[in-house]
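Reader: I'm new to this one. Could you walk me through how to read its features, one at a time?

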Amino acid sequence: MQDSNPFVDIATHLFLEDLAGKVGVAGLNNYLVSLARNLAEAMPREEYASWSEFLAALRDGQSILSTFEEVRPVTDRCMSTLRSPFERGWREYAKRVGSFAPVHREVAAYYNHKVRPTAVTSVHIVLHTFREAAAARVRVGDAPVRYEPVAAAWVDGEVQLPDGPKLESLLKRAGISPTKLGMLLRNHSEVWLLEPA
Amino acid sequence: MIDVALASLIEDMIEKAGAEGVVEFWQRVGDNLASRMGKEAYLGWTSFNVAIREARTAFSIEGEVTPLTDMAITDVDGDVVGYLYAMRQCCYIPTIFRTRFAVGRISPADKAVTDEYNENVHNIAVCNFCVFHERFREEIAKNVSVAGNSLACFLLATRGWSGETKISSKNVAQVNINEDHVRALLRNYECVYALVLRGARLKGER
């Protein structure tokens, strides 16, 4: 798919900053969750006969889950994203405008505390919520698909992971070791899990 | 993906604040972004136009801008006080196509905001992003000085993704450019604007 003009991404970030000034961090979190859900719900549902057919669609960019990012399956259940779909916008923002407004981190901290500890910045709230809502629109065989984030690494190198036991369980379900996760996070922006619900 | 998701956010906001609320919101965002970008100064039009070509100015954040140096704007003494500038592609076109391929249809919120702006502010918008964009350019221009004078920006013409064109008769008259020249530019460009020295006494101005 054609890339967006990063100016639109920058304007959207400023839009969110202005919104946060009115509704606060909790209100911004609600808006981000709502916009990501609405986006997923506006997109067509999908069905696949088998998990391997679904993986091929993910790999080829044909699935709702690979519309905005290049997905590379690591195992049958573990997915990785090479570059965050927000990276270009972030780089352009940093180059043309300056450092990100603190509210983007503040809302991520709120989300980590209230929902699950996997966001470094505001855009991860959009990404996680979108993937979760999008996965629920996919059926493989007779079963719907469930999404869970494993780890997110932001452009500045900051990594957000769940705590010990929760991480262990996720890695076991994803079929990768902690060492493999560390290797993936050197040059991938996200590692996530898809499994039959 | 945040660009495609923006339409959902605007839909939400229309429900809460109406299309006029979204127009005000977008304009405030334009002010805020411009104020965060700081001031710039150029010795003269030549250095400014080179900076535009090399994407070094605040205007370059929008994407590729072409200075139309064959279309100078002159004052009553015949001195050059400005030029026309144009973008081959509207900033929002990639988002419209991304939306088309990801979602399937453009949100009606886009048209609601566009119509509100055209009816009550300035009949020049071809998409909701024009609302933000026009204000952003106007504010940026105030922060850029050429030969010691700050600039004023006039949005002259736009062409939308469906081919619809808009020409601002008010602004075209203000900078004393023939409307047919602007219309001809829309064959190659999707957004045409003028930058002139603030306070210049333009030829033909009454």
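**Reading the model, feature by feature**

Author: Let's start with a pair: the side chains of Arg183(B) and Glu179(B) meet in a salt bridge, 3.4 Å from N to O. The term stands for a side-chain nitrogen of Lys or Arg within 4 Å of a carboxyl oxygen of Asp or Glu. Before we go on, this is a predicted model, where local features need pLDDT of at least 70, side-chain atom pairs count only at pLDDT 80 or more, and totals for chains, interfaces and linings use all residues. Residues are numbered from 1 along each chain as its sequence is written, chains are lettered from A and ligands numbered from 1 in the order in which they are written, and side-chain values use heavy atoms, leaving out hydrogens and water.

Reader: Where do Arg183(B) and Glu179(B) lie?

Author: The general idea is that an α-helix has 3.6 residues a turn, so residues three or four places apart point the same way. Here, both residues sit in helix H7 (residues 179-185) of chain B, four residues apart, about one turn of the helix. Helices (H or I, at least four residues) and strands (E, at least two) are DSSP runs, numbered from the N terminus. Arg183(B) also has a salt bridge with Asp180(B), at 3.0 Å, N to O. Asp180(B) and Arg183(B) are three residues apart in H7 of chain B, so about one helical turn separates them.

Reader: What about a pair in chain A, say Glu92(A) and Arg96(A)?

Author: Side chains of opposite charge can pair when their charged atoms come close. Glu92(A) and Arg96(A) meet in a salt bridge of 3.1 Å, N to O, and both lie in helix H3 (residues 87-96) of chain A, four residues apart. Glu92(A) is buried, with a relative accessible area of 16%, and Arg96(A) counts as buried at 16% too.

Reader: How many residue pairs are in polar contact between chain B and chain A?

Author: Nine, with both residues at pLDDT 80 or more. A polar contact is a pair of N or O atoms within 3.5 Å; within protein, one must be able to donate a hydrogen and the other to accept it, and residues adjacent in sequence count only if both atoms are side-chain atoms.

Reader: Why is helix H3 of chain B called largely enclosed?

Author: Seven of the ten residues of H3(B) (residues 93-102) are buried, so the rest of the structure largely encloses this helix. Among the buried ones are Ile93(B), Ile96(B) and Ala102(B). Their cover includes helix H1 (6-42) of chain A together with helix H1 (2-36) of chain B.

Reader: Which way do strands S2 and S3 of chain B run?

Author: Two strands pair if DSSP finds at least two bridges between them. S2 (residues 65-74) and S3 (residues 80-87) of chain B run antiparallel, joined by seven bridges. Thr74(B) stands opposite Val80(B) in S3(B). The two strands form a hairpin with five residues between them, and Gly78(B) in the turn has a positive phi of about 85 degrees.

Conventions
Buried means under 20% relative accessible area, exposed over 50%, partly exposed in between (1.4 Å probe, protein chains only). Contact means heavy atoms within 4.5 Å.
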